[in-house]
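Thanks for coming. I will go through one structure today, chain by chain, and then turn to where the chains meet.

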Amino acid sequence: MIPQTFEYTSPATLQEALQLIAGGERKILAGGMSLIPMMKLRLALPEHVVDLSRVPGLNGISEAGSSVKIGAMTTHHGVESSPLIRAKCPLLAEAASQIGDIQVRNMGTIGGSVAHADPAADYPAALVALEARVHLVSAGGERTVAASDFFLEAFTTAIEPGEIVLDVEVPVEDKSEGYRYEKVPHPASGFAVVGVAVRVKKTGGKVTMARIGVTGMSSRAFRARAAEALLESGADVAKAAAAVGEGEEANADLYASSAYRRHLAQVYAARAIAAALSRAS
Amino acid sequence: MATTITKPETLVGKRIRRREDPRLITGTATYVDDVKIPGMQYACIVRSPHAAAKIKGLNAKAALDHPGVAAVFTGADIKDLGPVPCGASLPGLRVPHHHLLAQDRVYFLGHPVAVVVATDRYIARDAADLVEVDYEPLDAVADPEKALAPGAPAVHPEWPDNIAFTYHQDGGDIAQAFREADVVVKQRITSQRLIPTAMETRGVVADWHSGDRALTLYTSTQIPHLLRTLVAGILGMRENHLRVIAPEVGGAFGSKLNVYAEEALMAHISMRLNKPVKWIESRRENFLCTIHGRGHVDYYELAAKRDGTMLGLKLKLIQDLGAYHQLLTPAIPTLSVIMMPGLYKCKSISADIVGVFTNAVPTDAYRGAGRPEATHGIERMVDILAAELKMDPAELRLKNFVQPAEFPYATATGLTYDSGNYAAPLQKALDQVEYRKLRQEQSNARAQGKLMGIGMSTYGELCAAGPSPALPVGGWEGATVKVEPTGKVTVLTGISPHGQGEETSFAQIVGDELGVDIDDVVVLHGDTTLVQYGIGTFGSRGLSVGGTALYFALQELKAKVKKFGAHMLASNDVTLSGGTCRDERSGKSVSFAEIATAAYRGIQLPPNTQPGLVATYFWEPPNFTFPFGAHMVVTEVDRETGAIDIRRYIAVDDCGNIINPLIVDGQVHGGVAQGLGQALWEEAVYDDNGQLLTGELTDYAIPKAHFMPFIESSHTTTPSPVNPLGVKGIGEAGTIGCSPAVVNSVVDALSTLGVRHIDMPLTPEKIWKLIQGGQA
């Protein structure tokens with residue numbers, strides 16, 4: 001449980017951090033909830049680690065027009081307990097509150113989580129359902145990537161070499177929306193065996209908008225667009241939920257086979273949709 | 001002067017908070033890793049990445065050249081040292097020579113191959129990666145039934161059948177029992193491999209003093225004295241030159257009831273380098289290299305009359321031993337055999353054990369050690385019989401219990417149950433859940449399509465290990481009570497508590513017996529130089545055997561105190577109570593502290609009396625004790641996902657008299673947690689190559705606090721006649737009673753689908769598949 005020797009730098013400014021990572025193979029350390037255990041097991045063997053904890057301006061939550069900006073170094077606890085997020089994007093707070101355990105939530109960060117892109121992480125389901133954008137910065141400039149284009153594969157994102165996650169921008173949820181994050185936590189790791197994030201709007205009895213993000217089921221978080229379309233075209237919850245995971249290959253491990261995982265994703269989608277609908281006004 | 005006789009307030013029976021806890025919860029306790037000695041070196045162990053391989057070559061040059069590396073030890077360095085000891089003996093037992101480090105072959109994943117010693121633990125770890133080992137991988141087998149199949153890879157080439165031993169035991173007339181039977185039910189039942197997962201991993205500091213040729217070994221162990229004898233044997237050194245200290249031990253559950261290669265290795269290395277050396281096991285190593293528990297595949301047959309009368313029980317027990325015998329490995333399944341009839345009057349038994357070598361870390365004692373497997377077997381079989389006969393499972397149990405008037409009761413397996421009232425805890429549990437009403441509720445729930453289950457287990461335990469002839473080591477225990485000149489009391493106990501709370505419960509006993517304040521009592525343990533030889537803590541023996549030794553030592557001490565008191569009061573008839581020695585006729589008295597002072601001052605010695613106030617007593621138990629109880633679990637299964645919700649958990653345990661109910665609560669809670677772990681979440685899984693797929697806490701699910709149901713814990717009290725305290729033992733009861741109650745409840749929930757048995761752990765997918773497919 002001792003990592004390989006590595007160089008450690010803790011830059012004091014974003015400029016310094018960007019220069020460091022532009023200079024070659026660097027591993028960025030945010031909250032360290034995934035990187036440090038992997039290093040201790042020598043599954044990750046970085047030669048140079050750049051710790052962002054001293055970089056000013058990366059930690060904080062602010063309202064910017066019709067969205068909320070969450071600095072990359074904001075902890076899960078920070079998100080979960082933020083009055084602004086609870087009021088403006090409650091789905092994200094609900095997902096954050098179910099990440100790992102309290103120790104992990106006190107250390108782990110949203111930037112670290114999205115950059116690591118664990119296929120069983122909780123945030124990505126909520127972020128794709130919220131149509132969030134990931135804001136990246138490099139020595140060459142800044143760019144923004146939609147969450148559904150950001151998570152490419154297990155542990156693979158749209159981040160290019162030299163880029164750092166600056167913040168995550170989450171559009172404000174409409175007050176009338178219903179939302180829900182439902183997950184099956186793995187009994188050992190606490191990661192999502194499946195996790196389903198749902199947002200819905202309804203007028204009368206009719207669903208006018210549905211967004212469904214799914215994590216844990218496949219190699220990346222995805223939007224269950226077929227299920228969304230079914231809901232928006234008046235299908236009942238069971239029928240829509242049964243379409244969740246269509247076209248996606250389901251993961252398998254000791255705890256859950258691919259068939260069971262797919263089934264869980266559908267059951268939990270149905271539960272999350274029903275709960276979200278009951279919250280919608 | 002009028003005499004008022006007031007019964008002094010007793011400490012025994014009170015919920016006194018554990019005196020050891022403040023240091024544990026404030027981080028001020030000293031564990032092995034807190035031991036720091038000037039000049040100390042750190043060891044890191046190079047371990048096999050293969051479950052079976054030949055070692056064709058080993059090159060340590062790069063490691064030795066690494067700055068800061070003091071030495072690298074390999075198999076060649078230790079080949080003449082004694083093997084890792086197996087303390088159990090069975091007729092015809094095949095015992096592979098268990099070298100401290102692999103010689104030309106490795107037998108399980110994590111098998112130690114070399115030790116790198118360096119000035120700090122980081123250098124040692126880096127240099128371990130520089131040791132080049134040339135392996136030729138071989139076919140491995142990690143499943144005991146596959147290991148028995150013809151053509152399976154041989155774990156040890158000299159024994160191609162992979163059979164370490166076979167063992168047969170019978171009692172009564174099994175053939176006749178099965179002839180007379182109206183019904184025979186059969187079932188294959190497994191008790192999966194478990195990883196004990198103590199919060200503190202193992203660790204050793206060895207400190208050799210060449211000047212006085214003395215070695216101090218700090219190690220996280222349950223058995224410091226036995227370990228001293230055995231490690232001295234491995235090293236070929238004089239036992240009294242070795243001092244073993246078990247500092248604070250952060251959990252063990254049987255996994256530290258052992259002598260491990262690393263303990264002898266560090267001792268040897270310290271002597272070779274003439275420097276102190278420390279090794280702390282990583283969590284990964286703890287998963288790979290500290291013993292596992294359970295590992296049973298059991299084939300049961302239960303014969304009964306149509307009215308439910310149990311006649312005979314047959315068991316074929318396949319024990320996954322792993323690659324070697326650790327201290328008690330082959331003895332554990334024999335404990336399952338002797339406890340196989342449980343609480344029932346089952347007059348005929350027949351059992352056959354096959355002990356099987358596999359390419360896996362050895363199994364050995366883990367909380368309950370053989371009894372959970374036996375209890376799981378019989379309690380599942382009783383439910384299966386009840387289902388077959390369409391009888392209520394509670395009624396079937398009540399019908400077959402050994403009755404209170406039948407104690408001492410001789411079992412078909414050769415044990416003598418000490419005392420019991422087996423119906424009492426079951427009746428209490430039934431009343432508590434309002435059983436009839438609950439069954440009605442269940443039938444309503446079923447009508448609505450709900451999967452609600454009611455399950456019970458009525459378990460029997462074998463504790464207070466035990467009579468020496470019945471154990472591989474002495475089963476007695478010793479205690480010394482020293483009254484210091486100021487009247488303060490020091491207890492030296494040979495048990496080595498590591499969470500059982502005897503620093504508190506023993507002080508309660510002393511306080512009552514001597515009438516001293518509990519804060520004036522200190523209980524010392526875990527140091528072979530400080531404490532007289534002892535056996536240790538395992539098999540729920542701390543209080544029942546160690547506490548009894550203390551009780552008898554206190555009686556001897558009291559006699560001497562009274563002798564001094566009588567002399568000082570010039571009386572020939574004194575009483576000792578409440579810390580005062582009194583002559584009731586004269587009304588004169590002398591305090592306990594005054595007597596202590598006089599005993600050491602040496603001026604007022606009674607005739608033929610030595611100065612000082614010290615008593616030592618070694619107590620040999622005449623029998624085991626047999627606690628029992630009833631656990632009842634109400635579950636609801638989620639039809640869509642297979643997830644299990646425990647709605648109620650009722651534990652009614654009878655552990656005889658209770659010294660400290662708070663400690664007993666803790667033992668019940670912890671025991672149930674580990675029982676739930678086995679029932680619902682835990683399983684050590686090796687793949688066909690002998691790779692451990694559950695090798696980290698991210699994959700191997702131990703119960704977390706928020707997984708726990710509320711435990712409705714209560715007791716019935718049937719004192720044991722085996723010891724004067726009337727205590728039986730509670731350390732393992734929760735674990736033993738739990739798993740069958742949970743499985744019985746879930747099987748009951750699914751019984752309407754035709755499910756008759758489910759093997760542990762009851763993972764949601766397993767349950768979901770049964771719901772999909774019906775039949776188990």
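Chain A is built from 12 helices and 14 strands. Keep in mind throughout that this is a predicted model. The C-alpha trace of chain A spans about 60 × 45 × 30 Å along its principal axes. If we take contacts in chain A between residues at least 6 apart in sequence, 64% of them join residues at least 24 apart.

Next, the nonpolar core. The largest one holds 331 residues. Which of them touch the most other members? From chain A they are Leu92(A), Ala126(A), Val196(A), Val214(A) and Ala269(A), and from chain B they are Ala43(B) and Val116(B). Helix H16 of chain B, residues 542-569, provides the largest share of this core, with 11 residues.

Staying with chain B, go to helix H17, residues 592-601. Its buried residues are Phe592(B), Ile595(B), Ala596(B), Ala598(B) and Ala599(B). Viewed down the axis of H17(B), these buried residues fall within an arc of 165°, so they line one face of the helix. What covers the buried residues of H17(B)? The cover includes helix H15 (502-514) and H16, along with strands S19 (477-483), S23 (580-582) and S24 (589-591), which belong to chain B. Just after H17(B) comes Gly602(B), with a positive phi of about 80°.

Last, the contact between the chains. Chain B puts in 21 residues and chain A puts in 15 residues. On the side of chain B that touches chain A, helices H4 (121-128), H9 (283-289) and H20 (764-773) each supply at least two residues. Which helix gives the most to that side? H4(B) does, with 4 residues. By class, the side of chain B that touches chain A has 8 nonpolar, 5 polar and 8 charged residues.

That is what I have for today.

Definitions and conventions:
Residues are numbered from 1 along each chain as its sequence is written. Chains are lettered from A and ligands numbered from 1 in the order in which they are written. This is a predicted model: local features need pLDDT of at least 70, side-chain atom pairs count only at pLDDT 80 or more; totals for chains, interfaces and linings use all residues. A nonpolar core is a set of buried Ala, Val, Leu, Ile, Met, Phe, Trp, Tyr and Cys residues joined through C-beta atoms within 7 Å. A residue is buried if 20 or more other C-beta atoms lie within 10 Å of its own, exposed if 12 or fewer, and partly exposed in between; C-beta atoms are placed from the backbone. Two residues are in contact if their C-beta atoms, placed from the backbone, lie within 7 Å. The arc is that of the directions from the helix axis to the C-beta atoms. Ala, Val, Leu, Ile, Met, Phe, Trp, Tyr, Cys and Pro count as nonpolar, Asp, Glu, Lys and Arg as charged, and the others, Gly among them, as polar.
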